Amino acid sequence: MNWRAVYAIYLFEMSRTGRTVMQSILSPVISTCLYFVVFGAAIGSRITEIEGVPYGAFIVPGLIMMMLLTQSVMNASFGIYFPRFIGTIYELLSAPLSFFEIALGYVGAAASKSIILGLIILLTANLFVPLRIAHPGWMVAFLVLTAVSFSLLGFIIGIWADGFEKLQVIPLLIITPLTFLGGSFYSVNVLPPVWQTVSLFNPVVYLISGFRWSFFEIADVSVGVSLAMTTLFLAVCLVIVWWIFKTGYRLKT
Amino acid sequence: MITGSPAFAGDDEWEYVYNNFMQPIITVSQLSKTYASGLEALKNVDLTIRRGEIFALLGPNGAGKTTLINIICGIVKKSSGSVTVDGHDIVKDYRAARSLIGLVPQELAVSAFDKVWATVSFSRGLFGKPADSDFIAKVLKDLTLYDRKDSQVMTLSGGMKRRVMIAKALAHEPQILFLDEPTAGVDVELRKDMWQTVRELRAAGVTIILTTHYIEEAEEMADRIGIINKGELILVEEKAELVRKLGKKQLVLQLNGKLAAVPPQLSAHRLTLGPQGDELIYHYDTRGERTGITALLNDVRESGIRFRDLQTTQSSLEDIFVDLVSERK
């Protein structure tokens with residue numbers, strides 16, 4: 001295992017965040033604040049509470065999850081796509097590195113950035129609404145699992161994409177809608193029965209539900225199912241990444 | 001890496017030379033590559049690169065030079081055949097093989113936003129080497145980049161960016177350096193600087209494989225030359241031997257007067273008349289024991305033709321290259 005190389009990739013990617021603080025950190029934090037203003041203050045004033053939790057606090061796990069998913073995918077996909085786009089990928093391919101080590105460096109950095117961002121949003125949210133975390137351990141577990149899974153997904157997108165448009169398509173047209181419809185701002189239980197059933201096909205429902213449970217001990221689906229679905233998603237991503245490594249898909253001609 | 005100068009002592013001399021300069025460091029056997037498009041980029045290539053030499057791979061665009069390099073370096077998958085680097089198979093033992101190699105690709109591919117020091121240090125890290133600021137500083141100083149170590153790559157000139165790429169390739173102290181068209185698009189002064197850098201690297205024991213379509217570059221630098229065309233390695237030869245073997249010389253006699261045709265008395269010499277009619281041109285082969293020059297000059301004198309000057313010219317590597325490649329078309 002070439003740990004020094006993994007560390008080099010990790011540091012390189014993390015330093016990119018330092019160069020783009022406005023885009024990487026400030027922008028998501030400001031967006032989250034705006035969501036609080038709109039949903040927490042404006043709309044939240046008309047919805048007092050959901051299942052015993054004040055609405056402002058109720059949306060916090062959903063907001064964190066939304067940012068976590070989007071940023072994990074964006075960071076990881078851009079991280080691996082950029083060297084492909086400018087041609088510096090040759091350096092990774094000609095180094096004594098396994099694909100696993102390359103993925104570990106990029107996915108590790110993307111997940112770290114997302115987790116840091118998630119924690120920053122959590123602290124920011126705490127300024128707007130009083131928060132309690134019933135199961136901090138599970139909260140961290142869901143945070144890490146989700147960040148890693150979606151960073152893996154981003155890594156796959158970054159390898160699949162052959163243009164900046166494709167790089168944006170999945171985050172914008174699939175992940176964002178799934179997040180909005182996954183219970184970020186509401187409980188799935190308030191939907192009509194048909195839409196409740198439809199929602200169960202949305203994987204993000206399980207992520208948000210499990211994460212929200214770690215805060216308030218309320219969930220749309222049982223926490224065991226949430227954990228199983230998150231792990232399943234992680235496993236599917238790992239299998240796809242393994243296949244990419246095995247075949248050299250889009251990396252080696 | 002080989003360092004220091006040899007201390008030849010009797011029977012040890014041959015052993016030293018063999019161990020350090022004659023042993024193969026890269027062995028390519030029956031290497032073929034067919035891309036998904038059906039393009040046969042390499043056809044059963046056999047090639048041995050000797051430790052410590054400068055090997056120039058010549059060939060027209062699309063001949064397969066870059067494909068060959070990219071396969072050895074792990075960027076492109078081979079279709080069949082095998083490659084070993086210092087005895088390590090490039091697929092089964094890729095870590096050991098790749099750790100010996102530094103690559104400077106043809107395209108200027110370096111992240112514009114990074115600082116020079118950071119990007120060179122990153123390259124060293126990728127090869128699993130511990131951070132060594134003294135070594136990085138030395139590489140940058142050798143390439144006259146040290147003063148710009150804190151500059152973003154985007155602020156450098158094209159020539160400097162190319163030097164940054166060389167610095168990145170050298171950052172992990174490779175034993176083998178691939179330079180794919182290293183001086184493409186750089187000015188004459190920088191080209192000469194690069195040649196000097198390459199010579200210094202070779203003096204330090206680095207084996208260098210360069211591809212180029214500047215024939216003069218190969219002529220200036222290489223110990224051996226390989227010519228590749230349409231995926232086939234046409235020949236591999238010592239540079240001097242190649243010129244000697246394939247080199248043609250011509251003798252030009254500049255006449256005092258003009259001739260309408262080559263006189264019949266000289267027909268045995270297969271002469272050609274220059275376009276103005278005032279030159280007789282004689283082609284001969286340097287490989288032959290007899291060049292026929294003495295007999296020609298005797299016959300010229302006996303036929304009463306007077307000349308005011310004569311000159312000989314030898315085929316350049318470029319002439320040889322063009323001849324070989326055009327023969328295969």
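Patches are made of residues with over 30% relative accessible area and no salt bridge, where like charges are joined within 9 Å and nonpolar side chains (Val, Leu, Ile, Met, Phe, Trp, Tyr) within 5 Å. A salt bridge is a side-chain nitrogen of Lys or Arg within 4 Å of a carboxyl oxygen of Asp or Glu. This is a predicted model, in which local features need pLDDT of at least 70 and side-chain atom pairs count only at pLDDT 80 or more, whereas totals for chains, interfaces and linings use all residues. Residues are numbered from 1 along each chain as its sequence is written, chains are lettered from A and ligands numbered from 1 in the order in which they are written, and side-chain values use heavy atoms, with hydrogens and water left out.

View 1. Val37(A), Val38(A), Ile43(A), Ile47(A), Leu127(A) and Phe128(A) make a nonpolar surface patch of about 530 Å². Accessible areas come from the Shrake-Rupley method with a 1.4 Å probe; for residues, only the protein chains shown count as cover. At least two residues of the patch are supplied by each of helix 2 (21–43) and helix 5 (99–128) of chain A. Helices (H or I, at least four residues) and strands (E, at least two) are DSSP runs, numbered from the N terminus. Helix 2 of chain A gives the largest share of the patch, three residues. Leu127(A) belongs to helix 5 of chain A and is exposed, with a relative accessible area of 72%. The classes are buried (under 20% relative accessible area), exposed (over 50%) and partly exposed (in between), with a 1.4 Å probe and protein chains only.

**View 2. Gln71(A) and the residues around it.** Gln71(A) lies in helix 3 (residues 55–86) of chain A. This residue counts as buried, at 15% relative accessibility. Not counting residues up to four places away in sequence, Gln71(A) touches Ser24(A), Pro28(A), Ser114(A) and Leu117(A); contact means heavy atoms within 4.5 Å.

**View 3. The interface of chain B and chain A.** In this interface, 28 residues of chain B are in contact with 28 residues of chain A. The two chains bury about 2400 Å² between them, and 58% of this is on carbon and sulfur atoms. Arg95(B), Phe122(B) and Leu126(B) supply 26% of the area that chain B buries against chain A, more than any other three residues. Buried area is the accessible area (1.4 Å probe) that two parts lose on being put together, summed over both. The count of salt bridges between chain B and chain A is two.

View 4. The side chains of Glu91(A) and Lys168(B) meet in a salt bridge (3.0 Å, N to O). Glu91(A) lies in helix 4 (residues 89–93) of chain A and Lys168(B) in helix 6 of chain B, so the pair joins two chains. Glu91(A) counts as buried at 7% relative accessibility, and Lys168(B) is buried at a relative accessible area of 4%.

**View 5. Salt bridges within each chain.** Glu53(B) and Arg224(B) meet through their side chains in a salt bridge (2.8 Å, N to O). This pair links distant parts of the chain, 171 residues apart: Glu53(B) is in the loop between strand 2 (40–50) and strand 3 (54–58) of chain B, and Arg224(B) is in strand 9 (residues 224–229) of chain B. Both Glu53(B) and Arg224(B) are buried. In chain A, Asp162(A) forms a salt bridge with Lys166(A), and their closest N and O atoms are 3.4 Å apart. Asp162(A) is partly exposed, with a relative accessible area of 49%, and Lys166(A) is partly exposed, with 28%. Over all chains, a search of the whole structure finds twelve salt bridges.

**View 6. Two residues of chain B with positive phi.** Gln30(B), a residue other than glycine, has a positive phi near 45°. Gln30(B) lies in strand 1 (residues 24–34) of chain B and counts as partly exposed, at 41% relative accessibility. Phi of Glu173(B) is also positive, near 55°. Glu173(B) sits in the loop between helix 6 (158–170) and strand 7 (176–180) of chain B, and counts as partly exposed at 30% relative accessibility.
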